[in-house]
Amino acid sequence: MNTGQRLIEFKEVTKAYGKGTASMQALRGVDLSIDEGEFVAIMGPSGSGKSTCMNILGCLDTPTSGLYSFKGVDVGKLDRRQRALLRRYYQGFVFQGFNLLTRTSAIENVELPLIYRRAPAHQRREDAFKALETVGLKGWESHTPGELSGGQQQRVAIARAIVTKPAVLLADEPTGNLDTARSREIMQLLNTLNSTDGITIIMITHEPDMAAYAKRVIHFRDGLVETDKQNGRAD
Amino acid sequence: MLWNTILLALRAIRRNMLRSFLTVLGIVIGVTAVITMVTIGRGATVQVQQQIASMGSNMLMLSPGKRLGPGQSSGSAPFKESDADAIAKEISSVTAVAPVSSQSLMAIFGNQNWTTQVTGTNNQYLKVTNRSLKAGREFSDSELRSGAAVCIIGETVRKKLFGGQGGLGGKIRLQKLSCDVIGLLEAKGQSTMGMDQDDIVLIPLSTFQRRISGNQDVGMIQLSVRQGASTEKAQGDIRTLMRERRHLSASEDDNFNVMDMKEIAKMLTGTTQLLTALLSAVAAVSLLVGGIGIMNIMLVSVTERTREIGVRLAIGALEYDVLMQFLVEAVVLSSLGGLIGIALATAGSFFAARLMQVPYIFIPGINVLAFLFSAAIGIIFGFFPAKRAAMLDPIDALRHE
Ligand SMILES: Nc1ncnc2c1ncn2[C@@H]1O[C@H](COP(=O)(O)OP(=O)(O)O)[C@@H](O)[C@H]1O
Ligand SMILES: [Mg+2]
């Protein structure tokens with residue numbers, strides 16, 4: 001499902017960590033464009049700049065040079081507050097290490113982005129319940145992350161990212177900590193979210209098996225896009 | 001939204017119950033101390049005022065030196081009985097004059113002993129101090145003149161020496177003086193400054209001078225002014241008379257002091273209030289320390305929860321949201337501390353008042369003030385850590401280990 005609307009555009013994006021001679025280029029001029037409704041897998045060896053790219057996509061980090069536009073808006077021209085609002089209203093982020101709030105129930109974790117959207121309490125509860133149900137965690141609402149398995153925690157993290165119905169879901173190795181069976185469940189879930197809810201998905205993965213679920217696979221190497229292919233699989 | 005933030009803050013506080021409690025302990029102690037001090041102080045002041053009122057507003061007290069109290073300046077000549085006589089004779093508005101000399105002595109009866117205040121005076125003392133006998137009689141003229149070994153005892157002394165019943169007609173020993181109990185004082189209870197007014201033995205002044213002090217001095221003179229007559233005028237007259245009797249020239253200051261109850265009240269309540277103010281100030285310092293405790297823990301909390309802050313920022317929290325979260329948390333925490341302190345102080349000062357036998361007076365003002373103050377501590381000491389949390393860069397915060 002590709003509506004053809006341009007969602008994300010990278011032009012000559014670079015990112016350097018550190019200063020002077022100690023500086024290292026994590027991204028060395030990435031050109032990329034992703035349309036609404038796409039399901040993209042980003043692959044590549046460790047240290048090739050995938051996470052760096054994802055953090056810039058999620059407005060958590062800023063590029064050293066180059067242009068990033070989101071829905072036609074030059075993100076580089078947005079201030080801290082506007083970037084926060086962009087994250088709040090358009091993006092859902094699934095972190096590599098879950099990053100759930102400890103000692104906080106699953107439902108409260110999922111509600112969090114809605115709180116910042118100033119959603120009314122009953123609406124929040126309802127949406128959070130639904131999101132947890134979507135990821136297959138009905139009945140686990142009151143459990144804290146400590147009482148959940150890695151796979152369940154990952155699904156809570158996904159529920160938290162999709163509860164706001166974001167325009168784009170950014171997931172950094174969402175199956176990195178899971179066994180194959182659990183990973184497939186997650187991929188099927190992402191697939192459904194993409195095809196039925198029309199959420200654009202950009203996901204980093206190491207495993208070709210998982211990348212196979214995506215419609216497009218981008219390979220990174222040494223801070224550059226090496227290959228960018230549509231998946232042969234048609235659906 | 002604010003309500004939500006408060007709920008979130010309560011959640012965060014509940015998640016760390018023990019630490020939250022330890023954090024606010026300083027505030028709890030500070031608030032408790034301040035409120036208790038002020039409440040007890042107010043009770044003591046009111047008690048002093050009540051007792052002074054019960055003693056009658058027409059009493060005057062004449063003492064040597066420039067002021068009354070423990071810091072009496074020495075070197076001024078003591079009074080003699082003739083001074084009291086002169087006042088009785090010369091000042092028409094005075095109805096009763098009692099020369100008074102006291103010393104703390106051990107009273108012994110059988111194998112019981114009790115250290116008490118032995119006061120040499122005359123029958124007028126009862127009139128001046130508003131006291132009456134519940135049994136027995138006053139001193140006779142001849143006893144007063146001859147320095148007879150007789151005494152009138154207060155209820156506390158009677159109980160300590162004679163137990164539940166009796167006392168009248170008994171023979172008690174004061175130092176080397178063995179004297180007959182001829183009268184029992186009606187009980188009067190605690191006095192100003194918590195002194196037991198029934199812990200007293202009255203003997204004729206001449207007896208006191210001959211058998212106990214061994215000189216003709218009189219410690220002070222207590223007198224009462226006729227109802228309706230001006231105490232100020234009586235004070236002035238006595239002053240003139242005493243200056244004359246003590247041969248003071250116009251350039252010399254008084255070397256004695258005539259105080260009326262208003263002044264005595266002012267002095268006593270002044271002492272109480274000063275003490276209250278001092279203790280409250282000490283307690284207030286502990287409030288400040290409590291505030292610093294909150295800041296300390298909030299700073300630790302910010303560091304500890306850097307990742308959490310990163311997550312919040314990443315999923316759409318604004319600087320403002322994080323600032324409010326930590327600020328509200330600090331304020332809720334310190335306000336809870338304040339409330340606990342108020343509860344403890346209410347219970348504490350109620351029982352302390354009982355114990356110290358001063359009236360318990362609930363003062364709404366100090367409670368409200370203490371609460372607002374503890375909330376303000378939360379804002380002041382919570383702001384810096386909160387600002388620090390809010391300024392974090394999301395990516396840095398997320399990378400924090
Ligand atoms: N915060 C950082 N400071 C310095 N170097 C970093 C930082 N984050 C990543 N890098 C470096 O940038 C490169 C790309 O990292 P990253 O984007 O995490 O790669 P990937 O996710 O593909 O494994 C790596 O060489 C890494 O060491
Ligand atoms: Mg990575």
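Colleague: Is Arg118(A) buried, partly exposed or exposed, and what is its relative accessible area?
Modeller: Keep in mind that this is a predicted model. Arg118(A) sits in the loop that links helix 3 (106-116) and helix 4 (121-134) of chain A. Buried would need under 20% and exposed over 50%. Arg118(A) is partly exposed, at 36%.

Colleague: What is the phi of Arg118(A)?
Modeller: Most residues other than glycine have a negative phi. Arg118(A) is not a glycine, yet its phi is positive, near 60 degrees.

Colleague: Which chains surround ligand 1?
Modeller: The residues around ligand 1 include Ser48(A), Ser51(A) and Arg399(B). A polar side-chain atom of Arg399(B) is 3.2 Å from a nitrogen atom of the ligand, while one of Ser51(A) is 2.7 Å from an oxygen atom of ligand 1. The site is therefore shared between chains A and B.

Colleague: Which element supplies the largest share of the shell around ligand 1?
Modeller: Strand 2 (24-35) and helix 1 (50-57) of chain A each give at least two residues to the shell. The largest share is three residues, and it comes from helix 1 of chain A.

Technical notes: Residues are numbered from 1 along each chain as its sequence is written. Chains are lettered from A and ligands numbered from 1 in the order in which they are written. This is a predicted model: local features need pLDDT of at least 70, side-chain atom pairs count only at pLDDT 80 or more; totals for chains, interfaces and linings use all residues. Side-chain values use heavy atoms; hydrogens and water are left out. Helices (H or I, at least four residues) and strands (E, at least two) are DSSP runs, numbered from the N terminus. Buried means under 20% relative accessible area, exposed over 50%, partly exposed in between (1.4 Å probe, protein chains only). A residue is near a molecule or strand if one of its heavy atoms lies within 4 Å of it. A polar contact is a pair of N or O atoms within 3.5 Å; within protein, one must be able to donate a hydrogen and the other to accept it, and residues adjacent in sequence count only if both atoms are side-chain atoms.
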